[in-house]
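Here are a few exercises to work through with the model open. Try each one yourself before reading the solution.

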Amino acid sequence: MPSATHSHRPTTKVVHKAFKSRKSTKGSLRDQAKGKVPNERRRTPHQQIMSKIDRRNQAKQRQLTKHKEHQREASLFTGRDGAPRIVAVIPLCADGDAPSAIQSLNGSLDIEGDVLAPTFRVSVDRFKQKLQYIPVKRDLTIAMDAARVADYIVFILSAETEVDPLGELIIRSIENQGMSTLFTVVQNLDKVEPAKARPDVVKSLASFMTHFHPGQDKIYNLDARQECSSLMRSLCSTTPKGVNWRDQRPWMLVDDVQWPSTETDSTILTGVVRGKGLKADRLVHVGQWGTFQIEKITAAPISTKRRKDDGMVVDDAEEERVLEAPDDDRDDLAELAPEEAVMNDIDDGDEIMEPKAPVVKKGVLLDDHHYFSEEEPEKYEPPRKLPKGTSAYQANWILDDVSDSESEFDEEMQDAQNETAPARPEDGIEGLAGREPTEAAMSEYPQSVAFAELDDDEDAQQLAAYRNRKRDEAEEDKEFPDEIELHPHVLARERLAKYRGLKSLRTSPWNTEEDRPYQPEEWSRLLQIPDYQSSKNRVLREALIGGVAPGTRVHVYLKGVPIDQQKSQDSSQPVTLFGLLRHENKKTVVNFDITHKDDYEKSIKAKEELIIQCGPRRFVINPLFSGSGNTENGVHKYYRFLHPGDAAIATFMGPVTWGSVPALFFKRTAPERGEEGTPSLQLVATGTSRAPTTSRVIAKRAILTGHPYHIHKKVVTVRYMFFNREDVDWFKALPLWTRRGRSGYIKEALGTHGYFKANFDGGINPQDSVGVSLYKRMWPRSAIPFTGALLEGDAVARQDDAMDEDLQ
């Protein structure tokens, strides 16, 4: 039996100290730090960690800068002589009434007055502000012109009528051209019965507006006085967002127009300067009138009456004083450079160089050389590795015996190739497949047979059957959009006289001397801009300095306004004035990023007539479409169509536009059966202005294809590409390619029907097709200023029959 002994808990327990190691583990150090960042010294000023006081000081400086900028923007509308806030009221539905909406807004603040067209002012005493309304009727041209100069846009919806296609066109057009602060109101909401259905109507209208503008979740009811008063408070206190491209230029909403009595007198436009300072040296663009020079700018303050000490009422208007007058730096209205006499090259100033005799050309131009054009045989020169930009003279000073196995030129060329997109076989050497490895096995392709030339009837039947089969495949696959078919009785060397060959579409040099006989007459007189970025920055900086300050009410005297303009002027359409930057009236080759609109289901054909609006100007253009991106040789492929969802570069000859300005592309269409309510004008594409240049080559590609007739290993007999022996000899220098990436060359012509023998770098499949790529430079067409209304009742789409010919 165990003894029943009792023992107490020991009170002398010793706790051993933890082991202290000088080399702690990473995990223990991380746990000990508890997320704190070590205070290490930074080597450079950019790596310095600011203290808490410095961070607070920097945040305070940003806040003060932002507050000063906000005060500067708001000071434009404050004071007795402050500029009015421009409000464009635009109805989107058929039963929308802009004058009634304006009266509802003014009535909420007990402001009385008639609604006048095209613009009128009201003074809001409660908020010490002035509003200038632009009541707009349902017209696309007037709505876009009014929204272009408005600080606030008010869209009017109806509780009873849905937005029709014209209303949607107005929304999309105003949105894409650039808009300032937007508000949305609804009319006739009290007429909706029962009353409990009205909130659902407002939610439906808000859902419709958020589809176009996600921030428009508030719909103001014009039948409710409280909501109208809230909207008036927002109009008088909210700082407008503005439009970037508009704020880079001076602009003005014209209050009054004084027409001249004689042709020598000037037309006087009165309004408040907005945007940048208005200069008398720069040109101005007035609505649909055109571009004019400024004779002078004078002050035009609004006259006020006050009482003197003796009680007499006097007029406090200032005398008309000149604020700006043009000087020697004035821009002229010339669009093209002056014509210059073509001088012959003079040697040593004594005798004139005799013109060289033209070389008889026996072959097509390949890159920058006509092969087989001289009597002596060609001397083969192997390609050399040279730095980028090396001229022919500099190449003579680079020795061939220098080893460049570790040259950095190879790395640059490799990087440039890696940046480009994957190429296709028809693009040149980049899209070709690699060489096939040499194998000792038998060929899987049939052996060749003796060549026997067919008679004309049998050859024509086989050609028709072959092309019909190819036409079905093209409709299904559309793998060769540039493929053309020659008539057997047409000479290819005459039909394709303007075309040339390129070994590579992206890297081969383009010989511009061959293009001179075909370039437009005014091409040499266009504006040349070597460095667009520096020129743009210089012009924009110049617009920041000088001119009449924004917020000043002025009289602008214009020269050369036709007297007939008074008869054609629509009294309901507001007149707007935009100042042009330096050189913006001069013509050059302009480029625009263009994106096909998803809601327009048809393809846009190149050189088809479109109406473009870029900033304050509209033109009728026939643009060329080409690929975007940068290439080593400045050559870009021409697109015959712009399909839905695609993007390209639209090119034409027109005036310069500095900066990124949004562009809208319209097309006149005839309403189809069952779509009588559709407007005759559709917004088919949108874009942005890019850097203009005359050195950008747009190359149109034509692909001639042939059929492998006999195959013996790598030697192939090809037919149906040419139809006479002379064409084979003319295009003999061009490289051949196949759909599966094989490359080759023409060895010799066979017979008189265009058959030839070709060598390839690998075996050819019997179902493959052999092709050759030819290129021709496309010249952009000149833009024509557009005048009149965008939407007309009898306007139909006009097609240019000459555009359908791909080879002329």
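**Exercise 1.** Are Glu584 and Arg249 buried or exposed? Work out also how their side chains are paired and where the two sit in the chain.

*Solution.* Keep in mind that this is a predicted model.
- Step 1: check the accessibility. Buried means under 20% relative accessible area, and both Glu584 and Arg249 are buried.
- Step 2: look at the side chains. Glu584 and Arg249 meet in a salt bridge, with N to O at 2.8 Å.
- Step 3: Glu584 is in the loop between β19 (576–579) and β20 (587–596), while Arg249 is in the loop between α8 (244–247) and β7 (250–258). The pair links distant parts of the chain, 335 residues apart.

**Exercise 2.** Take the salt bridges Asp482 with Arg640 and Arg690 with Asp593, and find which parts of the chain each one ties together.

*Solution.* 
- Step 1: start with Asp482 and Arg640, whose closest N and O atoms are 2.7 Å apart. Asp482 lies in the loop between α11 (456–477) and α12 (492–495), and Arg640 in the loop between β25 (635–639) and β26 (641–642), so this bridge ties parts 158 residues apart in sequence. Both Asp482 and Arg640 are buried.
- Step 2: go on to Arg690 and Asp593, with 3.5 Å between the closest N and O atoms. Arg690 is in the loop between β29 (681–689) and β30 (697–712) and Asp593 is in strand β20, so parts 97 residues apart are tied together here.
- Step 3: Arg690 has 33% relative accessibility, so it counts as partly exposed. Asp593 counts as partly exposed too, at 30%.
- Step 4: zoom out. The structure holds 29 salt bridges.

**Exercise 3.** Which residues of α6 are buried, and why can we say that they line one face of the helix?

*Solution.* 
- Step 1: Helix α6 (residues 198–212) has 15 residues and should span 21 Å at 1.5 Å a residue; the end C-alpha atoms are 22 Å apart, which agrees.
- Step 2: list the buried residues of α6, which are Val201, Leu205, Ala206, Met209 and Phe212.
- Step 3: look down the axis. The buried residues of α6 fall within an arc of 135°, so they line one face. As a reminder, an α-helix has 3.6 residues a turn, so residues three or four places apart point the same way.
- Step 4: turn the helix over. The face of α6 away from its buried side carries the exposed residues Asp200, Lys203 and His211.
- Step 5: Pro194, in the loop between β5 (181–187) and α6, is joined to Glu193 by a cis peptide bond with omega of about -5°.

**Exercise 4.** What lines the largest cavity?

*Solution.* 
- Step 1: search the whole structure, which gives nine cavities of 30 Å³ or more. The largest has a volume of about 130 Å³.
- Step 2: collect the lining of the largest cavity, 15 residues, with Lys279, Arg282, Ala543, Leu580 and Leu581 nearest its centre.
- Step 3: sort that lining by type: eight nonpolar, two polar and five charged.
- Step 4: ask where the lining comes from. Helix α13 (residues 532–543) gives the largest share, three residues.

Key
Residues are numbered from 1 along each chain as its sequence is written. This is a predicted model: local features need pLDDT of at least 70, side-chain atom pairs count only at pLDDT 80 or more; totals for chains, interfaces and linings use all residues. Side-chain values use heavy atoms; hydrogens and water are left out. On a 1 Å grid over the protein atoms alone, a cavity is a set of points where a 1.4 Å probe fits but cannot get out, and a pocket is an open set with protein on both sides within 12 Å along at least five of seven lines; lining residues have an atom within 4 Å of a point. Grid points are joined across faces, edges and corners, and a volume is the space filled by probe spheres set on the points. Helices (H or I, at least four residues) and strands (E, at least two) are DSSP runs, numbered from the N terminus. Ala, Val, Leu, Ile, Met, Phe, Trp, Tyr, Cys and Pro count as nonpolar, Asp, Glu, Lys and Arg as charged, and the others, Gly among them, as polar. A salt bridge is a side-chain nitrogen of Lys or Arg within 4 Å of a carboxyl oxygen of Asp or Glu. Buried means under 20% relative accessible area, exposed over 50%, partly exposed in between (1.4 Å probe, protein chains only). The expected span of a helix is 1.5 Å times one less than its number of residues. The arc is that of the directions from the helix axis to the C-beta atoms.
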